[in-house]
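Please read the following with the sequence and the model side by side.

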Amino acid sequence: MPGILVVEDDNDLREMLKVSLNRKRFTVLEAENGKDAIAHFKPSVTDLVITDLIMPEEDGLKVIMKLREMKPSLKIVAISGGGKAGPGSYLNLAKALGADEVYSKPFSVNEMITRIEELLEIEQD
Amino acid sequence: MNEENNSQFQDQSLSYLSKEKYYNDLILDNSRSMISIINRNYIYEKVNATFCNALRGLSGSIIGKSLGDIWGNETFNNLIKPNIDKCFQGCTVRYEASFTTPQSGKRYFEVIFRPFPVDSGVITHLVAETFDITDLKLKEKFAIEKEEEFKRFETNLPVGFMRCGPDGQIIHVNRALLMIMDCDSEDRMRTTNLRDYYAETGIFDLHMERLSDNKPKSFGRVPLKTYKGTEIVCRISGYMALNESGKTEYIDFAFEDSSHELMLETRLLEAQKLETIGALAGGIAHDFNNILATISGYSELLMEDIPESSPSSGNVSKIMMAVSKARSLTNQILTFSRQVEQEKVIVNVYDVLKETVGFVRSVAPSSIKIKSNFRKKDAPVLADPTQLFRVFLNLITNAIQSMEEKGGTITVSIGYIGEKEIIRRELNRNIVADEYILVTIKDTGKGMDPSLLRRIFEPFFTTRAVGKGSGLGLSVVHGIVSEIGGEILVSSEQEKGSVFYVYLPVSREIWKAPEMKGQRKKILFISGNKYESRIMSLALESTGYEMILVYNPTDLLNSVADRKSLPDLIIYMCDSSAVSCDDFAVIYNNSDFKVPCILISEADQGILEEKLVISGIIRQHLVKPVSLKEIKDAIQLSINQ
């Protein structure tokens, strides 16, 4: 099954995403922040990355740029909860930087997984 | 002293008379005045040495000359002769004159003509005595100028001056003080005591005590009352003048009206406070959204695990409904703190205002009249129309609530204001446009007292009962208006009503709906609320969609059947009077429509049939208030799926 890297600083949310994705038999890799995600990125086993945009230690926009550089075929889903960043439009920026899909929190995880399956061209059951 | 006198001084055989003449001449010559004797033919018969010196001539060259020769005919005829003639009639004449000489510039003189001899009855001569009063004159002139200069200060500066007696009795006030104290005459103010103008007489006594050490004092801002009793704040400084025995002679005060400055300061402080609260609340909302995402994610997992027949299935739906509500709350907080992404289009504020007023009219109680005597206007602003709707709806709804008990009138108006007015009204924000649209919403309701008024834009600040209203309404309004680059001001008087002023920057950009890939998507918009749906469709049309509006959900079938081509998407927006989103979801899901659908439910309703969403033909469920950005994203997702 395809490998998905979840980059999210909120432990509970990351855990939830992992459980949901595991259920759909995805292999889930985790990173707590952008710096770790970039440092431990394994292009060969990662097909898609879900990244939060506002995180301590390297924000999500940097993650998108760096990982894309390392693996151009990588699919990217960005999530953001608003706040902290000020009135900027982080999600729009993420889209401009090449995120395939963006969601603002809280989002429907089913909806996200459906979209992920589409992006990875997986036949839905 | 001249040579003639010297030769006389050396003469040993002086007679008594010549000695007497010698002494007289000596006295005359040593006088600081210019002295001369003039006969009836206006001829000098005798001049003293001072006179000769002043005219730089010898007595011989003056004696025998007429006054016209010496002073010029014009001066003589106009000034000297009339005075001499008056003197020859028997009276002493005194006048002042100035002459400009090349040697010493302009000099001032006091001239006295005395008839001579006095006792003979026949006046044959007169004695002219002329004093140089230039120094005196210059001093006097300087003093007058100084006084005028001070008067100008006193009159022109916007600083109020007052002199009062030891007990505070007002002796003198300047024009500025009359204006500050809102009194139309100095006489009227003179009948009052400075003590009367202090909001607290204790402070007056304290100031008097502090001044008694004979040093000037600044007292900073002091709350005062005007002559008519209005509360104002002035910056006061004073000085108490004491006489030699240490008793108070008078007290001088300067007043600067700082009410306006205070108002601006307060406004700035409030704006800063809102920014701070916004940043704080925004941060919390961000973290809270993380938590909500976790809750909703696990709920979705649960939903999958629990069979539909299980009673737990409904419970999970309720969890998800609560998440929707919470999401709507965090979204409002983020809107207030200006941290939500916004989709802006050029929108005519007039159109939005008209629809909002139409909507409110359709639901407002009959005891409330809504006047909107505005004509169609071109009022382009770069904004999210659905957000503007929220702003106006909120303000008008608040106005209605303030008049719920007694009824009343709401007056809504719209107009332009230019640069001058922007400056006059001292809008806080950075001026972003040359022109602003001003929307005014005025009610005749309960009004608010100043302490309340200061806090109305703070989140969770509400005067309503707990559970009635989130206390976020006006905060959201503030956030939206600020985000557009506008400003909102309010004035209010208790028991009379409030006025909200919404300033929105005019955008003269030429708007072009973005090009859509492929064919323009057609959206069928169904809602019982035609006003709100018109605004929604206005917004969506500007982003490039083709909109079809239907106001009755039961018309849906007919309207779709009527048209040859099906829409690409259906949006059902529920309002309290029509079919609920739950009912619609069930009906729609069971129908043979295969067009994707988005549901928009009321904020306090949520949706129980959450499982119908996403899995089926109903792709998205949004909770009001929905921004243009949210709905656009939802449309894109639904159509792409």
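B:Glu495 counts as exposed because it has 9 C-beta neighbours inside 10 Å, where a residue is called exposed if 12 or fewer other C-beta atoms lie within 10 Å of its own, buried if 20 or more do, and partly exposed in between, with C-beta atoms placed from the backbone. B:Glu495 sits in the loop between strand 16 (487-493) and strand 17 (497-505) of chain B; helices (H or I, at least four residues) and strands (E, at least two) are DSSP runs, numbered from the N terminus. Although B:Glu495 is not a glycine, its phi is positive, at about 65 degrees.

This is a predicted model, in which local features need pLDDT of at least 70 and side-chain atom pairs count only at pLDDT 80 or more, while totals for chains, interfaces and linings use all residues. Residues are numbered from 1 along each chain as its sequence is written, and chains are lettered from A and ligands numbered from 1 in the order in which they are written.

B:Asn214 is likewise not a glycine and has a positive phi, of about 70 degrees. The loop that holds B:Asn214 lies between helix 10 (201-211) and strand 8 (217-225) of chain B, and B:Asn214 counts as exposed because it has 11 C-beta neighbours inside 10 Å. In chain A, a cis peptide bond joins A:Lys105 and A:Pro106, with omega about -10 degrees, and A:Pro106 is placed in the loop between strand 5 (101-104) and helix 5 (109-119) of chain A. As background, most residues other than glycine have a negative phi, and most peptide bonds are trans.

Chain A as a whole has five helices and five strands, which run β-α-β-α-β-α-β-α-β-α from the N terminus on. Strand 1 (residues 3-7) and strand 2 (residues 27-31) of chain A run parallel and are joined by five bridges, two strands being paired if DSSP finds at least two bridges between them. One of the residues involved is A:Val7, whose bridge partner in strand 2 of chain A is A:Ala31. Together with helix 1 (residues 11-23) of chain A, these two strands make a right-handed β-α-β unit; right-handed here says that, with the strands pointing away from the viewer, the path from the first strand over the helix to the second runs clockwise. Of the 125 residues of chain A, 45% count as buried.

Chain B has 641 residues, of which 34% are buried, and contains 21 helices and 22 strands. Where does chain B touch chain A? Helix 11 (259-305) and helix 12 (311-336) of chain B are the elements that give two or more residues to that side, and helix 11 of chain B gives the most, with 14 residues. In total, 23 residues of chain B are in contact with 25 residues of chain A, contact being defined by C-beta atoms, placed from the backbone, that lie within 7 Å.

The largest nonpolar core has 126 residues, and those that touch the most other members are A:Ala78, B:Val349, B:Val381 and B:Ile571; a nonpolar core is a set of buried Ala, Val, Leu, Ile, Met, Phe, Trp, Tyr and Cys residues joined through C-beta atoms within 7 Å. Helix 14 (residues 385-402) of chain B gives the most to this core, with nine residues. Beyond its neighbours within four places in sequence, B:Val381 is in contact with residues including B:Val347, B:Val349, B:Ile437 and B:Leu504. B:Val349 is also one of the buried residues of helix 13 of chain B, among them B:Val352, B:Leu353 and B:Phe359.

A second, separate core of 22 residues includes B:Met162, B:Cys164, B:Ile170 and B:Phe255. B:Met162 is also among the contacts of B:Val173, which include B:Phe161, B:Leu178, B:Glu186 and B:Met189 when neighbours within four places in sequence are left aside. B:Val173 lies in strand 7 (residues 170-173) of chain B and counts as buried because it has 26 C-beta neighbours inside 10 Å. B:Val173 and B:Arg190, 17 residues apart in sequence, are 8.0 Å apart in space, C-alpha to C-alpha.

Key: Contact = placed C-beta atoms within 7 Å.
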